[in-house]
Amino acid sequence: MDERMGAERRESRASLLRQLLGARSLYEAMKAASDEVVDWVGSELSWAAPIVDGYLVMGAHAGLRTAEMASSWSLRLGEGIGGRVAVEGVVAVCSNYATDPRRGPVMARVIDQEGILSTLTVPVHAGEHMFGVLYAANRRIHDWSAEEIGRMREIAQTLSACVSLLREIDDARHAATSAQEELDATDRAMHTTELVADSLSLRAGGHRALEILSQALGMTVELRQLDGGLLDIVVADATMRDSQVRWRHIAGRSGDFEFVVLGMRELTRAETRLLRTSASMIGGLLTDLAIRARTNVDEGGAEVEALLDQPWAGPARAPALFVRRPRSDGAHSATDIDAGLIGDALDATLPTALLCRRDGELIAVLDASDGIPHLRDRLEHGVLAVVGAEQWVVVIGEPCTSGKDLRICLDNLVAMADTVGADSRPQRIREVHSVDATLAGGVSSHRLDRQLESLLGPLVTSDEETGTDYVRTLAAYLQSDRHLARTAERLNVHPNTVRYRVARIEAILSIDLKDVDHRFRVDAALRLTGASPGV
């Protein structure tokens, strides 16, 4: 008999071990232990309660009848019978729960609804730490035997070993996951570093490198001078509010620049390494650009002076003023770094361009033989796209065919620099004529006379030679807001006559009076010459 009972006990132990060792989660392990308590200890019900945030909570159970017990039971550590067991680590026996002084008032109602009258509670460890407790319970008064207590201890010890093993497996799995995530993050950072390096090697400029970093991080990246002046910025999300500075780094050959990263989260280690490497590359590039730019601008200035001081029969040339939109310190003048970036972009796009400074302003003298529209396109897509279009305004002057005209045009552009820098209009590339420069605050009278002659001369000639009355018609048409009937009434002619004359004026001057810039220019010219009729 004893031998048969011993074999059954060993088989029961082996079955429990197989279930626990095969458990893939803490729940499966606690469920197997609860079932074993009912089967081997012989109790009516059982539950395992792990510690979560200072409370024992229902982990798994067997034999419960009420849904409230399964869903609502919990016990603060140190309270009730189970709470004390979890704190003290000793077995607690309760033969009559209804009269036990350790009875906790919080869960008493739930226990009574379940009909529990006797409990046996043992601690469950996980290594050196307390995991929770394991309950055996009956719905009758019961004196727990030494054998029952011994069996509960064996089940709890087996559960403890299984919990420790599962936690080791979980820790190893978490460590492997973290290592893989770190490896993936490092791979992404390396790929981004390669993109930054490629953008620099392809002379795409520092702005493109900042765009790559901003996109990879999902954060705003700023490039500043050490005095705080903003050189460049790429905003990851314009709707982002309350972004905090997450990283600062001084870079450049002599510590000339500061990189600032702003965002809503902390940087990872891989991202910090990415930024350090990228900042070093970008800083080195910008330092070299600034040094090279000073030489190139000096050489370009000498070549421009040579064009101004001697006759030349080459292609028409148009100056282009590069004005940086105002920085936080209010300044708009281009720095040596800006000159380097623009110079590199011009070399790749308009290789015959001459870059120079006049009165501190950055100006390029460009070959205009293919026309101003061609220059606009090359500057838009070949230069501003590289250096950061949102940071710049480019003002293109008139094509010049002599050193004298070029000198006057350069002076006009320089005179307009402050006005352009303070202008908040979104246009990135603008054309300027002498009439515009006059309204902006300064142009030579000689240049103005020539521009007015260019704008209105063909109409004046036609009126003088054939009596067409085009100048007066144009002035009346503009004063009447291009309304045919009102213009006809001013001039005392038929509306069809006005329609014909306007078409002829547009053809003679090669303009489109539906274009606001064309209207502004001829209207300004009429007012400056006093040709506006008083009718």
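Helix 8 (residues 269–309) lies across strand 8, strand 10 and strand 11 (257–263), at about 45 degrees to strand 10. Angles run from 0 to 180 degrees between N-to-C directions, with axes fitted to C-alpha atoms, for helices over the stretch in contact; contact means heavy atoms within 4.5 Å. Helices (H or I, at least four residues) and strands (E, at least two) are DSSP runs numbered from the N terminus. This is a predicted model, in which local features need pLDDT of at least 70 and side-chain atom pairs count only at pLDDT 80 or more, while totals for chains, interfaces and linings use all residues. Residues are numbered from 1 along each chain as its sequence is written, and side-chain values use heavy atoms, with hydrogens and water left out.

- An open sheet is formed by 4 strands in the order 9-8-11-10, with antiparallel pairing; two strands pair if DSSP finds at least two bridges between them.
- Strand 9 (230–234) and strand 10 (244–251) are the edge strands, each pairing on one side only.
- From one strand to the next, the twist averages 15 degrees.
- Strand 8 (residues 220–225) is joined to strand 9 by 4 bridges in the antiparallel sense, and Glu222 has Ile233 in strand 9 as its bridge partner.

**Nonpolar cores**

- The largest nonpolar core has 59 residues, of which Ile282, Phe322, Ile342, Leu346, Leu366 and Leu379 touch the most other members.
- Helix 8 supplies the largest share of this core, 10 residues.
- A nonpolar core is a set of buried Ala, Val, Leu, Ile, Met, Phe, Trp, Tyr and Cys residues joined through side-chain atoms within 4.5 Å; buried means under 20% relative accessible area, exposed over 50%, and partly exposed in between (1.4 Å probe, protein chains only).
- Leaving aside residues up to four places away in sequence, Ile342 touches Phe322, Leu355, Leu362, Val383, Val387 and Trp392.
- A second, separate core of 25 residues includes Ala33, Val124, Met152 and Ala156.

- Strand 7 is mostly covered, with 8 of its 10 residues buried.
- Strand 1 pairs with strand 7 in the antiparallel sense over 6 bridges; the bridge partner of Ser46 in strand 7 is Ala136.
- Strand 6 (residues 118–126) runs antiparallel to strand 7 and is joined to strand 7 by 9 bridges, with Leu120 opposite Ala136.
- The hairpin of strand 6 and strand 7 has 2 residues between the strands, and Gly127 in the turn has a positive phi of about 70 degrees.

**Aromatic pairs**

- The structure holds 3 aromatic pairs; rings of Phe, Tyr and Trp (its six-membered ring) pair if their centres lie within 6.5 Å, and planes under 30 degrees apart count as stacked, over 60 as edge-to-face and the rest as tilted.
- Trp47 and Trp73 form an edge-to-face pair, 5.8 Å centre to centre with 70 degrees between the planes.
- Trp47 lies in strand 1 (residues 45–52) and Trp73 in the loop between helix 3 (67–72) and strand 4 (74–76), so this pair ties together parts that are 26 residues apart in sequence.
- Trp47 counts as buried at 1% relative accessibility, and Trp73 is buried at 4%.
- The ring centres of Trp73 and Tyr135 are 5.6 Å apart with planes at 85 degrees, so this pair is edge-to-face.
- Tyr135 lies in strand 7 (residues 129–138), 62 residues from Trp73.
- Ring pairs link Trp47, Trp73 and Tyr135 into a cluster.

**Annotated segment**

- The unreviewed UniProt entry annotates residues 162–189 as "coiled-coil region"; such annotations may be inferred rather than shown by experiment, with feature names shortened and positions given in the numbering used here.
- In the model, residues 162–189 are 100% helix and 0% strand, and the end C-alpha atoms are 40 Å apart.
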